[in-house]
Amino acid sequence: MTKTIRLTAAQAVVRFMMAQKTVVEGRTLPIFAGCWAIFGHGNVAGMGEALHGVKDAFPTFRAHNEQGMAHAAIAFAKASFRRRFMACTTSIGPGALNMVTAAGVAHVNRLPVLFLPGDVFANRLPDPVLQQIEDFGDGTVSASDCFRPVSKYFDRIQRPEQLIPALQRTMQVLTDPVDCGPVTLSLCQDVQAEAYDFPAALFEERVWTTRRPRPDEDELAHAVSLIRASKRPMIVAGGGVLYSEATQDLLRFAETHGVPVAVTQAGKSAIDETHDLAVGSIGVTGTSAANALAAEADLILAVGTRLQDFTTGSWALFREEGLKVVGLNVAAYDAVKHGGVPLVADAKVGLKLLSESLAGWKADAAHTSRAYAERVSWFEAAGKALATSNAELPSDAQVIGAVARAWGTENSIVVCAAGGLPGELHKLWAPTQPGGYHLEYGFSCMGYEIAGGLGVKMARPEKDVIVMVGDGSYMMLNSELATSVMLGQKITVVLLDNRGYGCINRLQMACGGANFNNLLEDCHYEVFPEIDFVAHAKAMGASAEKVSSIADLEAALERTRADTRSTLILIDTHPLITTEAGGHWWDVVVPEVSDRAEIAPARAEYERNRAFQRALN
């Protein structure tokens, strides 16, 4: 007879999570590092009771904002290279919906997180309950349906026994290299407290390891033939290289075959950017070196990248007639983008087998030399942008230079997400260690930065975590700065105040638009905002100070090393200055007609650039 354990549905969820393990650097660890929770009537009696019962063995973390705690969980998974992850539980209604934006972040970036929102009563007897969304034409609709398009797997648990298949499916998705992404198990609040005799086998320890699919022999042979025939190949490395732990394999491939390596936002830190074959970032926010090589490349080996528009310059970056794209990707969906020749495989395995099959082949020496020369030229330009300055309002690049000089890249992780900073960091930050660069730029979610920094610190406590954020993004979501203080997880926040949404203001101007509703001075106001960010950070328990120059910033950063609590350093910056070197056109549409005279030349420039777009999808 099958052995059973009588548990509530909520207790079963928690016990199941505790039984799942993984192996990291030879150590067997819990795959769930804990659960973030903000309790309400829809989860406090069920999930709250279940989590309390194991609080000494399975940590529960309290946050101040549901979106923020979900961002922290997502950042933890990213900083763990998807080997470990977290769960997040909320009540129904606004608590649940606050996590939907974060679910979008996880979905776009293909990062594992388990969402456990409360839901309406399955028995419907108390309907409508507090915070319930009613659809007068469909009795099955719930607010948590909003998770469906931003979840890799969604299930509404209306009976306890439904958890038996749902939990197994959950783990398959969270650990699958292709399907990896957010899972939502929407837990009806009455069901959370209902008991069921679950099979004991459901809670037996299970160790999840990385699946590494090998390439099809025909696909491998085709890819090899194309690479051997190429004269000017280059590698575009994406986040899949990091998640596959294939950074050394990438380096060996590049060195063995003399192929230059460019990186996407997600792929940055996949190669030490001080290496002679590292040409830096590619695309809209790319280096002049990477973009010059891309324009002339006759073959792109796209490794672990989904080739989004910032990477490809809206598919206008690659100019060579007859360009071939070999998509080395664990997901066939990504491998065939824009007519790509698929090489569907794990990045680590694929690079190794590809290199073995290319034995004796190297790219033309002239091409490799050209890459090195372009790289040297770029670093000269970057050095000028990063140099210290006495300007009253320094540029973002000058602030980045100060952070790099003060903290270096050996033991630090820089965290950012939205605005102008990601572009400058993508160009100018030169990580030397895998994971030393942590940008959420798939969804480009304002407000991710501080919560994300907390999650990174929890995943990598031995590292110095530096969060770089603009005033606009800081104002959207800053509450987890207080959580970092509460949890003793020190992060250093460098807050650049350009008094508005400087990045979008520059984009608005580039499209011929008027300065409107982005910088605070161009908005409708009765009283101009004078926000005391230092006082605000101190009110949340952080150390904080304002500096007035780049030299003072470097000195302040040095002082923070001795501080054991989270620190915020504020500096005023110029809203319009950006690094002119590097970069590429981005397809942001310009109106065909307008009363503004500036629109016509902007539209003409737009049409000129569109002519370079590759139409093949």
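Which residue forms a salt bridge with Arg110? I started my notebook with that, keeping in mind that this model is predicted.

**Entry 1: Arg110 and its partner**

I found that the partner is Asp334, with the closest N and O atoms 2.3 Å apart. Arg110 sits in the loop between α5 (100–109) and β7, while Asp334 belongs to helix α13 (residues 332–335), so this pair ties together parts that are 224 residues apart in sequence. Arg110 counts as partly exposed, at 22% relative accessibility, and Asp334 counts as buried, at 3%. I also noted that Asp334 forms a salt bridge with Lys337, where the closest N and O atoms are 2.9 Å apart.

**Entry 2: other charged pairs**

How many salt bridges does the count come to? I wrote down 30. One of them joins Glu296 to Arg370, with 2.6 Å between the closest N and O atoms. Glu296 lies in helix α11 (residues 288–296) and Arg370 in helix α15 (residues 365–386), so here the linked parts are 74 residues apart in sequence. Glu296 is partly exposed at 35% relative accessibility, and Arg370 is partly exposed too, at 27%. I also came across a network of salt bridges that links Arg83, Arg212, Glu245 and Asp346.

**Entry 3: a charge without a salt bridge**

Next I turned to Asp190, in helix α7 (residues 189–192). Asp190 is buried yet has no salt bridge. Why? The nearest side chain of opposite charge, Arg124, is 9.1 Å away, and a salt bridge needs the nitrogen and oxygen within 4 Å. What does the side chain of Asp190 reach instead? I found the backbone nitrogen of Ala122, at 2.9 Å. Leaving out residues up to four places away in sequence, Asp190 touches Val120, Phe121, Ala122 and Asn123.

**Entry 4: strand β9**

Is strand β9 (residues 182–188) mostly covered or mostly open? Mostly covered, I noted: seven of its seven residues are buried. In a regular strand the side chains alternate between the two faces of the sheet. I checked both faces of β9: Pro182, Thr184, Ser186 and Cys188 are buried on one side, and Val183, Leu185 and Leu187 on the other.

Then I looked at the neighbours. Strand β7 (residues 113–119) runs parallel to β9 and is joined to it by five bridges, with Phe115 opposite Thr184. Strand β8 (residues 153–157) also pairs with β9 in the parallel sense, over five bridges, and Arg156 stands opposite Ser186.

How values were computed. Residues are numbered from 1 along each chain as its sequence is written. This is a predicted model: local features need pLDDT of at least 70, side-chain atom pairs count only at pLDDT 80 or more; totals for chains, interfaces and linings use all residues. Side-chain values use heavy atoms; hydrogens and water are left out. Buried means under 20% relative accessible area, exposed over 50%, partly exposed in between (1.4 Å probe, protein chains only). Helices (H or I, at least four residues) and strands (E, at least two) are DSSP runs, numbered from the N terminus. Two strands pair if DSSP finds at least two bridges between them. Lys and Arg count as positive and Asp and Glu as negative; His and the chain ends are not counted. A polar contact is a pair of N or O atoms within 3.5 Å; within protein, one must be able to donate a hydrogen and the other to accept it, and residues adjacent in sequence count only if both atoms are side-chain atoms. Contact means heavy atoms within 4.5 Å.
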